[in-house]
Amino acid sequence: MNYDCIVIGAGNAGLVSALTLQKQGKKVLVLESGKVPGGVATSFKRGVFEFEASLHELYGYGNVTNKGEIFQLFERLGISSKVNMKELDESFHVIFKDSKEEYTMPTGIDNFIQKMEEYVPGSQDAMVTFFGLCEDIKDAFLYLGEQKESFDLNDFYQKYPNFVQVAPCSVKTVLEAIQMPRKAIQILSTYWITVGSPITDLSFLHYSMMIDSYIKYKPSIPFLTSHELSLILENEFRSNGGTIKYFHKVNEIFVENNQVTGVQVGDTIYSSSHVIANLSPITVYGNMIKKESIPKEALKLNNKRTLGQKAISVYLGLNKTSSELGLTHYSYYIYNSFDSEKEMKNMDHILNGNLIATVINNGVKIASPEGTTILKLTGMFYGDEMDKNVTSENYFEFKEHIGEKFISYFEEATGIQIKEFIEEIEVATPVTYARYTGHPDGVMFGFQAKGYDNFLSRYAAYEEESFIKGLHFCGGFGSRLSGYSATYLNGEEVALKVSKEC
Ligand SMILES: Cc1cc2nc3c(=O)[nH]c(=O)nc-3n(C[C@H](O)[C@H](O)[C@H](O)COP(=O)(O)OP(=O)(O)OC[C@H]3O[C@@H](n4cnc5c(N)ncnc54)[C@H](O)[C@@H]3O)c2cc1C
């Protein structure tokens, strides 16, 4: 059977791509190696607890009266009325261990500015300028997205001078240029670790769009874990006649005369001249296409980019409520210090002392049975420390050691004792994530965004980086980079491009 498009992988972006193409009247086949949709957007059970596998919080959702980009996307996909999201009232609680400082930031732009002024008197004007810039950037980006081939660069420069000025700059450069006090810069930069680049190297454009969406529309989580979102997307696709095949691992993508012709699963060949891979280009060019069919530029680009951060997550089911335990926040960002460059260097080690902790029940009270709490601790790192030191013989010992350390980090930073209340514990490492996604090194995010190789340049270079006709990439390794919202939006963007071709 011939399909208009084959989507390899039913992660966030793959599902949205498939559904978008279907809404455009295209015949789409999704091939997924696992047995459930969503990739890492899923959940798993241990004892009485159902743990969220990945999502800590999603940006850009909002609600029916304040619709963020993702709400609008879900409307276009026909699923917004089926999705049940919980908005969080707190942006984050950040702890800097070395200076023993803690800050709790609310959601809503006015509240955020006001709170920052309380913590850092004199920061208000710069914060107002910051959010103004965020708006300018978003408008400019939307405008760019709407432009066709006849795009007039001079006209754009005149319309969006702020965008042009800040787009090539780092977070630190712009925040200093608008004279934001140092402490306010440090607090505002709390999310840097989720992108995995220090503020000296992190694109202002990317960071500002992300943080503006978090604060303006409030961070959100689904009531029934991210698996609910994945099932809704999958169900919408299937109930409208779409075909999704599980346990179908694509082992080869066929290319003839630089044009995709189909894919192979086991002995079965599926034909199509359009393939969207919800995978990393490293996997695709490294293992799935015959060497002689791979353009040199594709390999060069693969070699040029650096893989993003890896993660170890410790999932804890506790036999007390969050208030009994004294856990008052939803997300705790725990850093050794304010200095993102120094902490970035520390990330060469697995046990680097920095941690993101999420108390799921402080978002959705019923996330676990009455009288219990789910706490997730995630540490991120770069480098090969794990490859060098962990073997199949000591893997479980390693997980136990990391679990103990992360719990100690959390207890020491917050002063809250959790060890004695643990009923269930699971530890996921890059080995786990590699097994579920097939991503190289089991990275949690795609390629690292650093310096000029960031969201904007990858977005602008999309066509240039399409080396084989009919072969497209979506997802965390795609042009919008990693994260729930980014991968959903990227899934749609890529599908709309493909839809014009087929
Ligand atoms: C621990 C953790 C915490 C995170 N927390 C957050 C957060 O709080 N907020 C946020 O925004 N983002 C977060 N993220 C990032 C976010 O989860 C990812 O960016 C996003 O889910 C990736 O989606 P994707 O579309 O790239 O698909 P993936 O989830 O990477 O899925 C790829 C799919 O392809 C399938 N596949 C692979 N190879 C093949 C093959 N050969 N044939 C067929 N199918 C194949 C896999 O089985 C999988 O289903 C987190 C990630 C992790 C790991």
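**Salt bridges and their surroundings**

Author: If a salt bridge is taken as a side-chain nitrogen of Lys or Arg within 4 Å of a carboxyl oxygen of Asp or Glu, the count comes to 23 salt bridges. Please keep in mind that this is a predicted model, in which local features need pLDDT of at least 70 and side-chain atom pairs count only at pLDDT 80 or more, while totals for chains, interfaces and linings use all residues. Residues are numbered from 1 along each chain as its sequence is written, and side-chain values use heavy atoms, with hydrogens and water left out. As background, side chains of opposite charge can pair when their charged atoms come close.

Let's begin with K138 and D212, a salt bridge whose closest N and O atoms are 3.0 Å apart. K138 belongs to helix α4 (residues 124-146) and D212 to helix α10 (residues 204-217), so this pair ties together parts that are 74 residues apart in sequence. Helices (H or I, at least four residues) and strands (E, at least two) are DSSP runs here, numbered from the N terminus. Both K138 and D212 are buried; buried means under 20% relative accessible area, exposed over 50%, and partly exposed in between, with a 1.4 Å probe and protein chains only.

While you are at helix α10, have a look at H206, which is found there too. H206 counts as buried because its relative accessibility is 8%. Leaving aside residues up to four places away in sequence, H206 touches V195, A449, F455 and L481, where contact means heavy atoms within 4.5 Å.

The next pair, K159 and D155, is a salt bridge with 3.1 Å from N to O. K159 and D155 are four residues apart in helix α5 (residues 153-159), so about one helical turn separates them. Because its relative accessible area is 44%, K159 is partly exposed. D155, at 28%, is partly exposed as well.

Now move on to R305 and E465, which form a salt bridge with 3.0 Å between the closest N and O atoms. This pair links distant parts of the chain, 160 residues apart: R305 sits in the loop between α13 (296-304) and β16 (310-318), and E465 in the loop between α19 (455-460) and β21. R305 counts as buried at 13% relative accessibility, whereas E465 is partly exposed, with a relative accessible area of 21%. Salt bridges that share partners bring R305, D453, R458 and E465 into one network.

Strand β21 leads us to a sheet. It is an open sheet of five strands in the order β11-β2-β1-β15-β21, with parallel pairing; two strands pair if DSSP finds at least two bridges between them. Its edge strands, β11 (243-245) and β21 (471-473), each pair on one side only. From one strand to the next, the twist averages 20°. Strand β15 (residues 275-277) and β21 run parallel and are joined by three bridges, and I276 stands opposite H472 in β21. Helix α1 (residues 12-23) packs on the sheet, where it touches β1 (5-8), β2 (28-31), β11 and β15, and its direction makes about 165° with that of β2. Helix α20 (residues 484-501) also packs on the sheet, touching β1, β15 and β21, with its direction at about 165° to that of β21. For these angles, axes are lines fitted to C-alpha atoms, for helices over the stretch in contact, and angles run from 0 to 180 degrees between N-to-C directions.

Finally, step back to the domains. Their bounds come from an automatic or database domain assignment, which gives domain 1 (5-35 + 246-306 + 447-501), domain 2 (109-217) and domain 3 (309-437). The centres of domain 2 and domain 3, taken over C-alpha atoms, are separated by 30 Å. Their contact takes 13 residues from domain 2 and 13 residues from domain 3. Between them, domain 2 and domain 3 bury about 1,200 Å², 68% of it on carbon and sulfur atoms; this buried area is the accessible area (1.4 Å probe) that two parts lose on being put together, summed over both. As for salt bridges between domain 2 and domain 3, the count is zero.
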